[in-house]
Structure formats: C-alpha cells, structure tokens
Amino acid sequence: MKSGSFSFTRNQLLLGGINVYEGIWNSNTNSINWSINNIFNSVVNPSYAGDLCIGFDPTGTIGWIGYMGDVNSYGYYSPYFSQTTNGGATWSNIKMVDLNQYSCIYNNTGGLGSVVANYECDLTVDANWNPHLICIAGKYSNISSYQIDATTWHHSVDVTLDNGLWNVKDLGNVKSDYNPYTGSASGYVVMNNSPQATRTSDGT
C-alpha cells in the first residue's frame with residue numbers, strides 16, 4: 001500500500017464477486033480519489049455472503065482480505081483469504097480455511113462435520129505478516145446449518161498462519177449470540193456479535 005493510499009473491499013453480491021478499491025489522497029480537494037484495484041469474480045455465494053475485511057501489516061506492504069462465506073455451497077460459513085505482498089498491486093487466489101479440520105473446535109461440537117461459524121468477523125495483520133481473522137465458531141443449530149446453536153459450546157477463534165501453516169486458536173467462551181430484542185421492538189431489532197481484532201503497538 002503506497003504512502004497516502006487507502007484500501008477497502010466491497011461485495012458485489014449480484015455478480016458473486018469482490019471489488020478491491022484503492023484510494024489516493026487528493027490534497028487539492030482534501031478528499032480521497034477511489035478506483036478499482038482488483039476484481040475477484042465468482043468468489044462469493046450471494047445467498048451466504050458474510051462480513052468482508054481488509055488489513056495490512058505495519059509497513060503497508062503485506063495485506064490480507066478475509067471474509068466469511070460459503071462459495072462452494074458446503075452448507076456452512078467458512079473463512080476465506082487472499083494475500084498481497086506488494087502493497088495491493090496484485091492479490092493471490094482465494095483460499096478457504098475449513099474450520100471442521102481443527103480439533104480445538106470439533107472436539108467440543110460433536111466431531112467432524114459439526115462445526116459452523118457465524119457470518120461476522122474482523123481482521124488484522126501482525127508485524128510477522130500473518131492474518132488474524134476473528135470469528136465465532138460452534139455447533140450447528142437445528143434451525144439451520146448456517147446458524148450456531150447458542151445453547152451449546154461456541155467460542156471466539158483466531159484463524160491465522162503459524163510458520164506458513166493455517167491454524168485456528170481458541171480465544172475463549174462467548175456468552176452471547178444472535179438475539180432479538182423483546183418488547184415493542186420484537187421482530188424488528190436484533191443484535192449480532194461483532195468481533196473486533198487489533199494488534200499491539202509493536203505490531204505483534
């Protein structure tokens with residue numbers, strides 16, 4: 001990411017894709033001039049498109065896109081990633097990380113094939129160039145495989161790279177989940193979890 005530039009991503013749901021935008025600060029107008037930096041086609045299932053995040057390491061050179069989705073219609077949300085190593089000039093192909101492959105989750109949810117995640121997430125990138133996508137994983141509910149059963153084990157997890165290998169770290173119990181407000185707002189107002197990711201001042 002060049003000095004004075006900014007990046008953000010946007011789902012193009014009708015097209016099943018993601019647009020990556022680059023913004024350059026315009027000192028004459030005191031505003032940002034936005035242009036499309038990259039387009040990922042056919043990487044989003046429009047019916048199941050969750051949160052979409054972008055983050056860079058402290059140098060602005062190594063960046064990651066992370067989002068929750070179900071591109072291949074597996075029946076549950078999974079984290080997806082793309083990496084840039086040149087400040088956003090080019091991006092890697094989209095990579096899915098299947099949470100059903102990690103025993104720190106499925107040992108608590110009933111075994112392989114039982115793990116699902118909510119569609120909310122957040123992302124940061126540490127000084128070692130590794131992404132940290134925070135989402136909430138648990139056992140699928142009886143209502144939908146795209147929804148966690150909040151009455152059973154469900155934890156916040158960190159989906160990251162350890163020495164070049166994808167890994168999932170259990171961050172602990174979550175004592176809330178998707179919940180409608182009651183009273184006069186019942187049926188109209190709901191509250192979802194909103195994971196927040198950040199890094200320390202030294203970038204780790």
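Me: Of the contacts in the protein chain with a separation of 6 or more, what share is accounted for by residues 24 or more positions apart?
Reply: The model here is a predicted one, and in it residues 24 or more positions apart account for 47% of those contacts.

Me: Which elements does the protein chain contain, and in what order do they run from the N terminus?
Reply: The chain holds one helix and 13 strands, and from the N terminus on the order is β-β-β-β-β-β-β-α-β-β-β-β-β-β.

Me: How should I read an aromatic pair?
Reply: A pair of aromatic rings is described by the distance of the centres and the angle of the planes. In this structure the count comes to seven aromatic pairs. One of them joins Tyr 67 and Tyr 80, with 5.2 Å centre to centre and 15° between the planes, and because planes under 30 degrees apart count as stacked, this pair is stacked.

Me: Which parts of the chain does the pair of Tyr 67 and Tyr 80 tie together?
Reply: Tyr 67 lies in strand β5 (residues 63–69) and Tyr 80 in strand β6 (residues 78–84), so the pair ties together parts that are 13 residues apart in sequence.

Me: Is Tyr 67 buried or exposed, and is Tyr 80 buried or exposed?
Reply: Buried means under 20% relative accessible area, so Tyr 67, at 2% relative accessibility, counts as buried, and Tyr 80, at 2%, counts as buried as well. Across the protein chain, buried residues make up 46% of the 204 residues.

Me: Which residues form an aromatic cluster, and where does the charged end of Lys 139 sit?
Reply: Trp 64, Phe 81 and Trp 166 form one aromatic cluster, while the charged end of Lys 139 sits over the ring of Tyr 140, 4.6 Å from the ring's centre.

Key: Residues are numbered from 1 along each chain as its sequence is written. This is a predicted model: local features need pLDDT of at least 70, side-chain atom pairs count only at pLDDT 80 or more; totals for chains, interfaces and linings use all residues. Side-chain values use heavy atoms; hydrogens and water are left out. Helices (H or I, at least four residues) and strands (E, at least two) are DSSP runs, numbered from the N terminus. Buried means under 20% relative accessible area, exposed over 50%, partly exposed in between (1.4 Å probe, protein chains only). Contact means heavy atoms within 4.5 Å. Rings of Phe, Tyr and Trp (its six-membered ring) pair if their centres lie within 6.5 Å; planes under 30 degrees apart count as stacked, over 60 as edge-to-face and the rest as tilted. A charge sits over a ring if NZ of Lys or CZ of Arg is within 6 Å of the ring centre and within 35 degrees of the ring normal.
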